[in-house]
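Here's a quick briefing to read alongside the structure. Have the sequence and the 3D view open as you go.

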Amino acid sequence: MENKLKEWACKYEVKEHILNDPIQFPHRYSNKQDIEISAFITSWISYGNRKAIIAKAEEIDRIFGQSPYLFILNGDFEQWKDCKKNLYRFYNYADLYDLCIRLHEIYSNYADMEECLSANALSCPIQKLQYTFVNIKGIPLLNGKSACKRLAMFLRWMVRRDSVVDFGIWQNTDPRNLVIPLDTHVYKQALELKITNRKTPDMIAAREITDYFKSIYPEDPAKGDFALFGYGVNNK
(Lines give C-alpha, C1' and ligand atoms only; values in the text may rest on other atoms or scores of the structure.)
Protein backbone atom coordinates (compact mmCIF):
# COMPACT_ATOMS: atom_id res chain seq x y z
CA MET A 1 0.00 0.00 0.00
CA GLU A 2 2.90 2.36 0.70
CA ASN A 3 3.97 2.21 -2.95
CA LYS A 4 0.40 2.90 -4.07
CA LEU A 5 0.15 5.92 -1.78
CA LYS A 6 3.40 7.27 -3.22
CA GLU A 7 2.06 6.69 -6.72
CA TRP A 8 -1.17 8.56 -5.97
CA ALA A 9 0.64 11.43 -4.28
CA CYS A 10 2.73 11.96 -7.41
CA LYS A 11 -0.29 11.54 -9.69
CA TYR A 12 -2.45 14.14 -7.94
CA GLU A 13 0.12 16.74 -6.87
CA VAL A 14 0.04 18.34 -10.32
CA LYS A 15 -0.91 21.79 -11.64
CA GLU A 16 -4.24 20.46 -12.85
CA HIS A 17 -5.22 19.89 -9.20
CA ILE A 18 -5.32 23.66 -8.72
CA LEU A 19 -8.18 24.17 -11.20
CA ASN A 20 -10.80 22.42 -9.05
CA ASP A 21 -9.43 23.24 -5.60
CA PRO A 22 -9.88 26.31 -3.37
CA ILE A 23 -6.13 26.95 -3.69
CA GLN A 24 -6.89 28.38 -7.14
CA PHE A 25 -7.73 31.75 -5.53
CA PRO A 26 -4.38 32.63 -3.94
CA HIS A 27 -2.78 31.34 -7.15
CA ARG A 28 -4.26 34.38 -8.89
CA TYR A 29 -1.70 36.59 -7.12
CA SER A 30 2.07 36.98 -7.12
CA ASN A 31 2.55 39.41 -4.21
CA LYS A 32 3.24 37.60 -0.93
CA GLN A 33 0.75 39.61 1.12
CA ASP A 34 -2.00 39.13 -1.48
CA ILE A 35 -1.34 35.38 -1.49
CA GLU A 36 -1.45 35.18 2.32
CA ILE A 37 -4.71 37.11 2.65
CA SER A 38 -6.47 35.32 -0.20
CA ALA A 39 -5.30 31.94 1.11
CA PHE A 40 -6.33 32.65 4.70
CA ILE A 41 -9.80 33.92 3.84
CA THR A 42 -10.35 31.05 1.41
CA SER A 43 -9.31 28.50 4.03
CA TRP A 44 -11.42 30.30 6.66
CA ILE A 45 -14.62 29.63 4.67
CA SER A 46 -13.64 26.10 3.63
CA TYR A 47 -16.51 24.18 5.17
CA GLY A 48 -18.60 21.62 3.34
CA ASN A 49 -18.99 20.95 -0.36
CA ARG A 50 -16.00 21.93 -2.50
CA LYS A 51 -18.19 23.44 -5.23
CA ALA A 52 -19.98 25.62 -2.68
CA ILE A 53 -16.66 26.73 -1.17
CA ILE A 54 -15.27 27.66 -4.59
CA ALA A 55 -18.45 29.56 -5.54
CA LYS A 56 -18.33 31.65 -2.36
CA ALA A 57 -14.55 32.17 -2.59
CA GLU A 58 -15.05 33.42 -6.16
CA GLU A 59 -17.60 35.96 -4.89
CA ILE A 60 -15.28 37.17 -2.13
CA ASP A 61 -12.31 37.33 -4.49
CA ARG A 62 -14.26 39.65 -6.81
CA ILE A 63 -15.13 41.93 -3.87
CA PHE A 64 -11.48 42.16 -2.79
CA GLY A 65 -10.46 43.22 -6.30
CA GLN A 66 -6.99 43.19 -7.79
CA SER A 67 -5.19 43.31 -4.43
CA PRO A 68 -6.57 41.81 -1.19
CA TYR A 69 -3.60 43.45 0.55
CA LEU A 70 -4.61 46.97 -0.52
CA PHE A 71 -8.26 46.17 0.24
CA ILE A 72 -7.23 45.41 3.83
CA LEU A 73 -4.79 48.32 4.24
CA ASN A 74 -7.29 50.82 2.81
CA GLY A 75 -10.02 49.66 5.19
CA ASP A 76 -12.44 48.87 2.37
CA PHE A 77 -14.10 46.34 4.65
CA GLU A 78 -15.70 49.03 6.86
CA GLN A 79 -18.94 48.54 4.93
CA TRP A 80 -19.43 45.21 6.74
CA LYS A 81 -19.30 46.53 10.29
CA ASP A 82 -22.35 45.24 12.20
CA CYS A 83 -23.75 43.74 8.96
CA LYS A 84 -25.74 40.63 9.87
CA LYS A 85 -26.37 39.58 6.27
CA ASN A 86 -25.42 35.94 5.74
CA LEU A 87 -22.02 35.43 4.10
CA TYR A 88 -21.63 31.63 4.05
CA ARG A 89 -23.03 28.88 6.24
CA PHE A 90 -22.84 30.21 9.82
CA TYR A 91 -20.74 33.27 8.91
CA ASN A 92 -22.23 36.72 8.37
CA TYR A 93 -20.53 39.81 6.95
CA ALA A 94 -19.82 41.15 10.45
CA ASP A 95 -17.69 38.05 11.02
CA LEU A 96 -15.74 38.83 7.86
CA TYR A 97 -15.36 42.40 9.13
CA ASP A 98 -13.85 41.10 12.39
CA LEU A 99 -11.39 38.97 10.43
CA CYS A 100 -10.45 41.92 8.22
CA ILE A 101 -9.86 44.12 11.28
CA ARG A 102 -7.45 41.50 12.61
CA LEU A 103 -5.71 41.28 9.23
CA HIS A 104 -5.44 45.08 9.17
CA GLU A 105 -3.74 45.00 12.58
CA ILE A 106 -1.29 42.36 11.35
CA TYR A 107 -0.32 44.15 8.13
CA SER A 108 -0.14 47.53 9.85
CA ASN A 109 2.47 46.20 12.27
CA TYR A 110 4.35 43.59 10.25
CA ALA A 111 5.61 43.25 6.70
CA ASP A 112 3.53 40.11 6.21
CA MET A 113 1.71 37.39 8.12
CA GLU A 114 4.77 35.16 8.25
CA GLU A 115 6.72 37.88 10.09
CA CYS A 116 3.82 38.27 12.52
CA LEU A 117 3.76 34.57 13.35
CA SER A 118 7.55 34.43 13.61
CA ALA A 119 7.33 36.97 16.44
CA ASN A 120 5.13 34.54 18.40
CA ALA A 121 6.94 32.40 20.98
CA LEU A 122 4.68 29.35 20.54
CA SER A 123 6.41 26.46 18.78
CA CYS A 124 3.41 24.87 17.00
CA PRO A 125 2.47 26.62 13.72
CA ILE A 126 -1.23 25.88 14.16
CA GLN A 127 -1.21 27.30 17.68
CA LYS A 128 0.52 30.43 16.39
CA LEU A 129 -2.43 30.96 14.06
CA GLN A 130 -4.95 30.20 16.80
CA TYR A 131 -3.29 32.75 19.07
CA THR A 132 -3.03 35.39 16.32
CA PHE A 133 -6.68 35.01 15.31
CA VAL A 134 -8.13 34.34 18.77
CA ASN A 135 -11.82 35.29 19.17
CA ILE A 136 -12.38 35.35 15.40
CA LYS A 137 -15.42 33.24 14.55
CA GLY A 138 -14.43 29.93 12.97
CA ILE A 139 -10.96 29.80 14.54
CA PRO A 140 -10.70 26.79 16.89
CA LEU A 141 -9.84 27.44 20.50
CA LEU A 142 -6.20 27.25 21.51
CA ASN A 143 -5.46 23.88 23.17
CA GLY A 144 -8.85 22.52 22.12
CA LYS A 145 -9.45 19.11 20.54
CA SER A 146 -10.24 20.32 17.02
CA ALA A 147 -8.13 18.93 14.17
CA CYS A 148 -7.93 22.55 12.90
CA LYS A 149 -8.35 21.31 9.35
CA ARG A 150 -8.67 24.76 7.76
CA LEU A 151 -5.62 26.16 9.57
CA ALA A 152 -3.61 23.06 8.68
CA MET A 153 -4.66 23.47 5.05
CA PHE A 154 -3.60 27.12 5.01
CA LEU A 155 -0.22 26.18 6.48
CA ARG A 156 0.23 23.40 3.92
CA TRP A 157 -0.35 25.95 1.18
CA MET A 158 2.13 28.46 2.63
CA VAL A 159 4.89 26.14 3.83
CA ARG A 160 5.33 23.08 1.58
CA ARG A 161 8.23 23.59 -0.79
CA ASP A 162 9.11 22.26 -4.24
CA SER A 163 5.42 21.76 -5.02
CA VAL A 164 3.52 22.73 -8.18
CA VAL A 165 0.38 23.11 -6.03
CA ASP A 166 1.49 24.63 -2.71
CA PHE A 167 3.35 27.94 -2.55
CA GLY A 168 6.28 27.39 -0.18
CA ILE A 169 6.61 31.14 0.45
CA TRP A 170 7.07 30.77 4.21
CA GLN A 171 10.65 29.94 5.04
CA ASN A 172 10.44 30.21 8.84
CA THR A 173 8.22 27.14 9.30
CA ASP A 174 9.64 23.65 8.84
CA PRO A 175 7.46 21.42 6.61
CA ARG A 176 8.18 18.60 9.06
CA ASN A 177 6.02 20.45 11.60
CA LEU A 178 2.91 20.55 9.43
CA VAL A 179 -0.21 18.51 10.20
CA ILE A 180 -2.29 16.90 7.45
CA PRO A 181 -5.60 18.79 6.99
CA LEU A 182 -8.15 16.34 8.37
CA ASP A 183 -11.42 16.79 6.51
CA THR A 184 -14.19 14.17 6.48
CA HIS A 185 -12.89 12.45 3.37
CA VAL A 186 -9.28 12.23 4.55
CA TYR A 187 -10.45 10.85 7.89
CA LYS A 188 -12.65 8.22 6.21
CA GLN A 189 -9.83 7.12 3.92
CA ALA A 190 -7.36 6.92 6.81
CA LEU A 191 -9.82 4.72 8.72
CA GLU A 192 -10.22 2.40 5.73
CA LEU A 193 -6.45 2.08 5.47
CA LYS A 194 -6.18 1.56 9.25
CA ILE A 195 -3.78 4.48 9.51
CA THR A 196 -5.81 5.61 12.51
CA ASN A 197 -8.45 3.96 14.69
CA ARG A 198 -9.61 7.15 16.39
CA LYS A 199 -13.38 7.32 16.81
CA THR A 200 -13.47 11.05 16.13
CA PRO A 201 -11.59 13.22 13.59
CA ASP A 202 -9.76 15.24 16.22
CA MET A 203 -6.22 16.60 16.52
CA ILE A 204 -4.95 13.28 17.88
CA ALA A 205 -6.25 11.54 14.74
CA ALA A 206 -4.70 14.22 12.52
CA ARG A 207 -1.32 13.78 14.20
CA GLU A 208 -1.54 9.98 14.00
CA ILE A 209 -2.15 10.19 10.27
CA THR A 210 0.65 12.74 9.87
CA ASP A 211 3.04 10.52 11.85
CA TYR A 212 2.21 7.61 9.53
CA PHE A 213 3.25 9.69 6.54
CA LYS A 214 6.44 10.78 8.30
CA SER A 215 7.60 7.19 7.76
CA ILE A 216 7.05 7.70 4.01
CA TYR A 217 7.96 11.37 3.66
CA PRO A 218 10.13 12.28 6.69
CA GLU A 219 10.84 15.80 5.44
CA ASP A 220 7.37 16.47 4.05
CA PRO A 221 4.62 14.44 5.77
CA ALA A 222 1.82 16.73 4.52
CA LYS A 223 2.44 15.34 1.03
CA GLY A 224 0.34 12.46 2.35
CA ASP A 225 -2.70 14.70 1.85
CA PHE A 226 -2.36 14.14 -1.90
CA ALA A 227 -1.88 10.40 -1.38
CA LEU A 228 -5.14 10.09 0.57
CA PHE A 229 -6.90 12.27 -2.00
CA GLY A 230 -5.67 9.83 -4.66
CA TYR A 231 -6.83 6.86 -2.63
CA GLY A 232 -10.28 8.41 -2.37
CA VAL A 233 -10.48 9.04 -6.12
CA ASN A 234 -9.29 5.55 -7.03
CA ASN A 235 -11.39 3.65 -4.50
CA LYS A 236 -14.85 5.19 -4.84
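How many of the 11 residues of helix α9 (residues 149-159) are buried? The count is 10, so α9 is largely enclosed by the rest of the structure. Keep in mind that this is a predicted model.

**Helix α9 and its surroundings**
- The buried set in α9 is made up of Arg150, Leu151, Ala152, Met153, Phe154, Leu155, Arg156, Trp157, Met158 and Val159.
- Those buried residues pack against α3, β2 (91-92), α7 (113-118), α8 (125-132) and α12.

**Helix α3**
- At the start of α3, a side-chain oxygen of Asn31 comes to within 3.0 Å of the backbone nitrogen of Gln33.

**Ser43, a residue of α3**
- Ser43 sits in helix α3 and has a relative accessibility of 1%, so it counts as buried, the cut-off being under 20%.
- A polar atom of the Ser43 side chain lies 2.8 Å from the backbone oxygen of Phe40.
- Leaving out residues up to four places away in sequence, Ser43 touches Arg150, Met153, Phe154 and Trp157.

**Glu13, in a loop**
- Look for Glu13 in the loop between α1 (2-12) and α2 (16-19).
- Is Glu13 buried or exposed? Its relative accessible area is 10%, so with a cut-off of under 20% Glu13 is buried.
- The side chains of Glu13 and Arg160 are joined by a polar contact of 2.7 Å.
- Not counting residues up to four places away in sequence, Glu13 touches Arg160, Ser163, Val164, Val165, Lys223 and Phe226.

**Where α10 meets α12**
- The axes of α10 (residues 184-192) and α12 (residues 224-234) come within 9 Å and cross at roughly 80°, which means α10 is roughly perpendicular to α12.
- On the α10 side, the contact is made by Val186, Gln189 and Glu192, while α12 brings Asp225, Leu228, Phe229, Tyr231 and Gly232.
- Sorted by class, that contact has four nonpolar, two polar and two charged residues.

Terms used: Residues are numbered from 1 along each chain as its sequence is written. This is a predicted model: local features need pLDDT of at least 70, side-chain atom pairs count only at pLDDT 80 or more; totals for chains, interfaces and linings use all residues. Side-chain values use heavy atoms; hydrogens and water are left out. Axes are lines fitted to C-alpha atoms, for helices over the stretch in contact, and angles run from 0 to 180 degrees between N-to-C directions. Helices (H or I, at least four residues) and strands (E, at least two) are DSSP runs, numbered from the N terminus. Angles under 35 degrees count as roughly parallel, over 145 as roughly antiparallel, 65 to 115 as roughly perpendicular and the rest as oblique. Contact means heavy atoms within 4.5 Å. Ala, Val, Leu, Ile, Met, Phe, Trp, Tyr, Cys and Pro count as nonpolar, Asp, Glu, Lys and Arg as charged, and the others, Gly among them, as polar. A polar contact is a pair of N or O atoms within 3.5 Å; within protein, one must be able to donate a hydrogen and the other to accept it, and residues adjacent in sequence count only if both atoms are side-chain atoms. Buried means under 20% relative accessible area, exposed over 50%, partly exposed in between (1.4 Å probe, protein chains only).
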